[in-house]
Amino acid sequence: MSNFRPLHDRVVLRRITAAEKTAGGIIIPDTAQEKPAEAVVVAVGPGTRDEHGQYVALEVREGDHVLFGRWSGTEVRIGEEDFLIAKESDLFGVIAER
């Protein structure tokens, strides 16, 4: 990820992998797995400008665990890994440490 930096109010997310087995031990094939709506923030842009031209920093930080909408963002491949690039406004919130 060192060769990519998001612009404005965009964030780069790494999806948290879904469970491959049910509680009963049944293996779920990749085609039947739902894409998780939870991710880790990998990189954040510098922010966006408000109506007065001042920069407004993003509230999320690298390493935050976030929830996002099923249809949010754009999937991209950077190097050998898949990421999701979304605007901060597409995120529902930050998950507190468990």
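## Strands and helices

How many helices and how many strands does the protein chain have? The secondary structure comes to 0 helices and 8 strands. Both words refer to DSSP runs numbered from the N terminus: helices (H or I) need at least four residues, and strands (E) at least two. Read from the N terminus, the elements run β-β-β-β-β-β-β-β.

A few notes before you explore: this is a predicted model, in which local features need pLDDT of at least 70 and side-chain atom pairs count only at pLDDT 80 or more, while totals for chains, interfaces and linings use all residues. Residues are numbered from 1 along each chain as its sequence is written, and side-chain values use heavy atoms, with hydrogens and water left out.

## The sheet

Let us see how the strands line up. Six of them form an open sheet of 6 strands in the order E6-E7-E1-E2-E5-E8, with antiparallel pairing. Two strands count as paired if DSSP finds at least two bridges between them. At the edges stand E6 (74-78) and E8 (91-95), each with a single partner strand, so one side of each has no neighbour in the sheet. From one strand to the next, the twist averages 45 degrees; the axes behind such angles are lines fitted to C-alpha atoms (for helices over the stretch in contact), and angles run from 0 to 180 degrees between N-to-C directions.

Now look at E7 and its partners. E6 and E7 run antiparallel and are joined by 5 bridges; here Arg77 stands opposite Asp82, and Glu75 faces Leu84. These two strands form a hairpin with 2 residues between them, and Gly79 in the turn has a positive phi of about 70 degrees. E1 and E7 pair in the antiparallel sense over 4 bridges, with Val11 opposite Ala86.

## The nonpolar cores

What lies inside? Of the 98 residues, 26% count as buried, meaning under 20% relative accessible area with a 1.4 Å probe and protein chains only; exposed means over 50%, and partly exposed lies in between. A nonpolar core is a set of buried Ala, Val, Leu, Ile, Met, Phe, Trp, Tyr and Cys residues joined through side-chain atoms within 4.5 Å. The largest has 11 residues, including Val11, Leu13, Val41, Val60 and Phe68. Strands E1 (10-15), E2 (38-44), E5 (65-68) and E7 (81-87) each supply at least two residues of this core. Apart from it lies another core of 6 residues, among them Val42, Ala43, Phe83 and Ile85. In soluble globular proteins, nonpolar side chains tend to be buried together.

## Val41 and Val94

Contact means heavy atoms within 4.5 Å. Leaving aside neighbours within four places in sequence, Val41 is in contact with residues including Leu13, Val60, Gly63 and Val66. Val94 lies in strand E8 and is partly exposed, with a relative accessible area of 46%. Not counting residues up to four places away in sequence, Val94 touches Val60, Asp64, His65 and Val66. Val94 and Val41 are 53 residues apart in sequence and 9.8 Å apart in space, C-alpha to C-alpha.

## A residue with positive phi

Which residue has a positive phi although it is not a glycine? That is His8, with a phi of about 55 degrees. His8 sits in the segment before E1 and counts as partly exposed, at 43% relative accessibility. Most residues other than glycine have a negative phi.
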